[in-house]
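Subject: Structure for your review

Dear colleague,

Please find the structure below, together with its sequence. My findings follow it.

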4 protein chains.
Amino acid sequence: MKRVAIIGASGYTGAELVRLVYSHPHLELGPLIGNSKAGRPVGEVLPNLMGRVGGEIQAFDADQVAADCELAFCALPHGASAGVVSELRDRGRIVLDLSADFRLTSREVYAQWYGEHQAPERFGEAAYGLVEWNRESLRNADLIAVPGCYPTSAVLALAPILEAGMIEAEGIVVDAKSGVSGAGRKPGAHAHFSEVSEGFRAYKAAGQHRHTPEIEQSLSLISGADVRVLFTPHLLPMTRGILSTCYARLKNDATAEEMTAVARAKYQNSPSVIVLDAGAHPSTQWVRRSNHAMVAYHDDPWTGRAIAFGAIDNLLKGAAGQAIQCANIRLGFEENAGIDALAAWP
Amino acid sequence: MKRVAIIGASGYTGAELVRLVYSHPHLELGPLIGNSKAGRPVGEVLPNLMGRVGGEIQAFDADQVAADCELAFCALPHGASAGVVSELRDRGRIVLDLSADFRLTSREVYAQWYGEHQAPERFGEAAYGLVEWNRESLRNADLIAVPGCYPTSAVLALAPILEAGMIEAEGIVVDAKSGVSGAGRKPGAHAHFSEVSEGFRAYKAAGQHRHTPEIEQSLSLISGADVRVLFTPHLLPMTRGILSTCYARLKNDATAEEMTAVARAKYQNSPSVIVLDAGAHPSTQWVRRSNHAMVAYHDDPWTGRAIAFGAIDNLLKGAAGQAIQCANIRLGFEENAGIDALAAWP
Amino acid sequence: MKRVAIIGASGYTGAELVRLVYSHPHLELGPLIGNSKAGRPVGEVLPNLMGRVGGEIQAFDADQVAADCELAFCALPHGASAGVVSELRDRGRIVLDLSADFRLTSREVYAQWYGEHQAPERFGEAAYGLVEWNRESLRNADLIAVPGCYPTSAVLALAPILEAGMIEAEGIVVDAKSGVSGAGRKPGAHAHFSEVSEGFRAYKAAGQHRHTPEIEQSLSLISGADVRVLFTPHLLPMTRGILSTCYARLKNDATAEEMTAVARAKYQNSPSVIVLDAGAHPSTQWVRRSNHAMVAYHDDPWTGRAIAFGAIDNLLKGAAGQAIQCANIRLGFEENAGIDALAAWP
Amino acid sequence: MKRVAIIGASGYTGAELVRLVYSHPHLELGPLIGNSKAGRPVGEVLPNLMGRVGGEIQAFDADQVAADCELAFCALPHGASAGVVSELRDRGRIVLDLSADFRLTSREVYAQWYGEHQAPERFGEAAYGLVEWNRESLRNADLIAVPGCYPTSAVLALAPILEAGMIEAEGIVVDAKSGVSGAGRKPGAHAHFSEVSEGFRAYKAAGQHRHTPEIEQSLSLISGADVRVLFTPHLLPMTRGILSTCYARLKNDATAEEMTAVARAKYQNSPSVIVLDAGAHPSTQWVRRSNHAMVAYHDDPWTGRAIAFGAIDNLLKGAAGQAIQCANIRLGFEENAGIDALAAWP
């Protein structure tokens, strides 16, 4: 058993990491760290652990974490993460960072979207943890940037058909819809029950959302082109799940069946991706509380467009589950150890 | 007071018609007709009327309706509607048909999407009830086809900027999301609580939904071009509301502010349309249970695209409310008589 | 038209007051007052008013309000309300207070539950605005304490059968369930979407909730006994609605039919109360966004108990709607002027 | 690995059984049986299994099941279950029946609530699978009646304090609230999204619900008295979870702390029951998708009453999870093998 630290344990992604490690066959829970809640009983902060996981939330101390654990998951907000990651890397620990701090490869793009980087000397050190497209580079990576939730849902759906030349790189639209848990645990009007329930709206439309460059970076790398994406996130009146509906111009009259075949070949050894039959409509409900991504393809000859759907649980394949998947690969475990549970439906 | 019949009163659209007529200053409730529930007390069929509206649901009898009422709202499914409409028109009554039977102008397109028409001799007789774009032709129309919910949300948003030449007619994508009430009152797996709640998916993607030709017809008429639209409906885990997120290529570097100004000029005398500030994100919650449509515009110079949002309550501006609006115009009342209530928020 | 001020307009109850006054046949909107949002455009603070109600939220100034309006609705939190109410009463204005500050008749009980009163010289001045049980005293009252949401739902159901001697005064249990809007607009963990959605729990069980003494006061007054109530509020994963399930020991083998007949006689001239048939199960959905209360009665001879259900919309009959009802009576209008809309269902 | 059959696999309880067996360390999936869906691909019937569990739903054949499996879970409706159970018992197989057919011990009570029994010769053969109160009798039972969801939630909360003489046996009220999944997978108005969402009501109040005698049977057995319970179920606008709020008269001024201590002693070796601190308010969200029951106690000296809360996931501890728990005991595995996952929160 490898002992792991979870930093930012009091947030929703942290809570999922705790739950997954608790049942993992090869990992065991080390310190649960959360500065703002330090000193409070674990079960009071994470109510699903009440009566099951004792002890207290702890304050971060890099030396203690490094002495106690070989690996740490860092689920802090961007900006706050880079420094903590750097301290743990300085002490030789493997770090899986769930923030955006190490996902981008261009310093300029990072600065434009996030401002000054808090550990510039480590910029560019991380392997990007979209397992299905980057598995090999993760085997020896000591710093892994776990992808964002929206990019995971969109890139898993688009990448196979873009790589295969079945869609144009120009003009891609990602119309994405996320559950409210993606907005985190901090209360505010944006996540206040009465103002979210029974309502639906977009936010940060027209390329204002920070996941835009992350999607573009992945698609550009895969296609070799300089891909620009129009990305529109929306907030769903539900807690978990992302569905990305991705539009692109078809090339060479590719059909839904052909796109499905390409994706199935690509993902045949990827236990977390399920390619549905051509013309299917995946529901976020079918992957909820699992590490599965479901993708599906449609063609519309009338308008010459492809539609690619990508559905995930934003806290699992979109965050904590994917982090465990990365850790499994890095530590030499079976890729889906501890994350192979079926979605609980309904 | 004009006495009106409501045919199909036991469905959700029928229920809203009853509610609106009940409070309308110039209309009064005539027979509530619903064949499958005929003979049952009104309050048992429509529980919000319990203790307020007495009597029974009645079976349809064209002569009785014609003798009793000058005008009828017909909220039956397509196919079932045309015959009833025709019987009432034969007797000289004004009919507002909320089905799809009289919305399309091409017999070929109707046949392709809906099959054989049940009253072919009246095909083409109706005025199309998208008030804001067709107000004048409604003043003397004895048969009005009330638009579909999705077309209302999309066309109100797209039409002003398409008419003004600010977007390309080619390549328009309408990514639409609807509450479950749009699926009607008949139980089925598609609307079963446990399989809809906390989940999200598309349905009839890639141009399979029957509202596609209705949207195309309106946009073609407005633009003078032969518009093809990629329309993707999705089902939201909530009861009411539609948000259409519409994508199109910008022409002449039109800005969100310019599109907003054009739409405001277009809708300045339209009490049911509210044009939000450039860059706003309308929520379905802000129009819920009102006859308002909220539209808003964004530009994305990075990809050269416009985004137009249209938000409505699918049962009101998308159905019953718009039908009352049409009736008001036909009968010479103030356009928003009985439908000027503010949305109840939250 | 009587011009009215709404103090605390930026909260949910305030928003409903604005909406109801906007459509009221005899009232017109005066200043919308909300200190923390003063200076912001109305449509920005209350998004359902966007494009419909202009102007800004204003800071409170007692002289200005008194000069402008004959009557004010005060929808502030308890404690904050008493002072404002007192200033307006000093200037001779009619005040409808929606807080708890003037509901209780015992200074000791007030102090025990709420602490020091902020306008002790006016304690006891108010008429209690449970219209159906106190209509006459409201006709000349210049200060009306609008009842709490839970007490309204429970007392309307229990009072007729308690007054008629059909249930024991001892041992009454009120198991109440409320939508989240009852918790107000201020964000916090208690109303954070992800922690409320798809979950259900009680809060302040075992007589810890401040509505306990208000229920007891009303039932004691009606029964002549010193009634103690076990009141347990729960939070429903939905925005609007309260259902109170009330248990009591049957006296004299009263049947559901007899209890129903007594309640119907009591409420026959009360347009806001609908007494369902014996053995019915009212849903909060059937009264949502209306000023209706639905009550229904059951008997259980096996255990010798009565069950009385009371269902309301907590923001309407439980707050803003009941306030308008009180104002109508005070001003000599028809009791349900402006609040006679049917519930919008579904 | 023990191979098990799941009969009634296409319902919600069946789906959970499949999911739990799929990940169970000592059980493996045998045939998935569902007569009405026989011949359809598993992943089409249970969408969370798409791409993970192949094969087809099968028709029931007692000989085949008996040849293939040592143990069968039977998740059929009452009435339909008894015959199937009997056929498998005739062939010597261990059967865990999740219907009500074998829960009651009195033939008269069964007949009164359910009508004629379909396997009268086996009436009384089953051990009752409320593990925490009947563990020993399950070790050798070949027919186990898995308890109902409501009884599980109420009895786990009430039984310790009733057994300890801390509450009166007379006058117990169970006010229970359940998620919609408890109503099963068959569509109908009672579970139609638009009529359930954002609404709340009771059903079968005043002792009309069939779980009443099951609760009474357990409490009578534990207390030695002839307990009558007033049981009122309500339908929550959410998919999973039951909270039972149980009221009883306190004896000997028992305090919440004393009741908590008694329950903790009782459940100290029961991994599925978590006794919260005195005065806590368990949420169904904290046990959702786990096999945990959370119970908590309150005293109210003002009215002389105790409140006992019991929260479970109705499909897990209320059905499929408890069935696995029973099977674990019967087969000699660790009691919580395969069902020790933490609740996924939020």
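In this predicted model, 51 residues of chain B are in contact with 51 residues of chain A. The size of an interface is often given as the accessible area lost when the parts come together. For chain B and chain A, that area is about 4200 Å², with 55% of it on carbon and sulfur atoms. Three residues, Glu198(B), Phe200(B) and Trp302(B), supply 17% of the area that chain B buries against chain A, which is more than any other three residues.

In the salt bridge between Asp175(B) and Lys177(A), the closest N and O atoms are 3.1 Å apart. Several elements of chain B each supply at least two residues of the side that touches chain A, including β7 (172–178), α8 (193–196) and β10 (242–249).

Chain A also meets chain D: 37 residues of chain A are in contact with 38 residues of chain D. The area buried between chain A and chain D is about 3000 Å², and carbon and sulfur atoms give 65% of it. The count of salt bridges between these two chains is 0, while 13 residue pairs are in polar contact across the interface. On the side of chain A that touches chain D, α1 (12–22) and β11 (273–275) of chain A each supply at least two residues. The largest share of that side, 5 residues, comes from α1(A).

Turning to the nonpolar cores, the largest one has 51 residues, and Ile6(B), Leu17(B), Leu32(B), Phe73(B) and Leu96(B) touch the most other members. Helix α11 (residues 320–331) of chain B gives the most to this core, with 7 residues. Among the residues that Ile6(B) touches are Leu17(B), Leu32(B) and Phe73(B). A second, separate core of 50 residues includes Leu276(A), Ile6(D), Val21(D) and Leu98(D).

Finally, how many disulfides does the structure hold over all chains? The number is 0. For Cys326(B), the nearest cysteine sulfur is that of Cys74(B), 14 Å away. Cys326(B) is buried, with a relative accessible area of 0%.

Yours sincerely

Definitions and conventions: Residues numbered from 1 in each chain as written. Chains lettered and ligands numbered in written order. Predicted model: local features only at pLDDT ≥ 70, side-chain atom pairs only at ≥ 80, totals over all residues. Heavy atoms only, no water. Disulfide = S-S within 2.5 Å. Buried < 20%, exposed > 50% of the residue type's maximum accessible area, 1.4 Å probe, protein only. Core = buried A, V, L, I, M, F, W, Y, C linked by side-chain atoms within 4.5 Å. Helix = DSSP H or I, 4+ residues; strand = E, 2+ residues; numbered from the N terminus. Contact = heavy atoms within 4.5 Å. Buried area = accessible area lost by both parts, 1.4 Å probe. Salt bridge = Lys/Arg side-chain N within 4 Å of Asp/Glu carboxyl O. Polar contact = N/O pair within 3.5 Å; in protein donor to acceptor, adjacent residues only side chain to side chain. Lists of a residue's contacts leave out its neighbours within four places in sequence.
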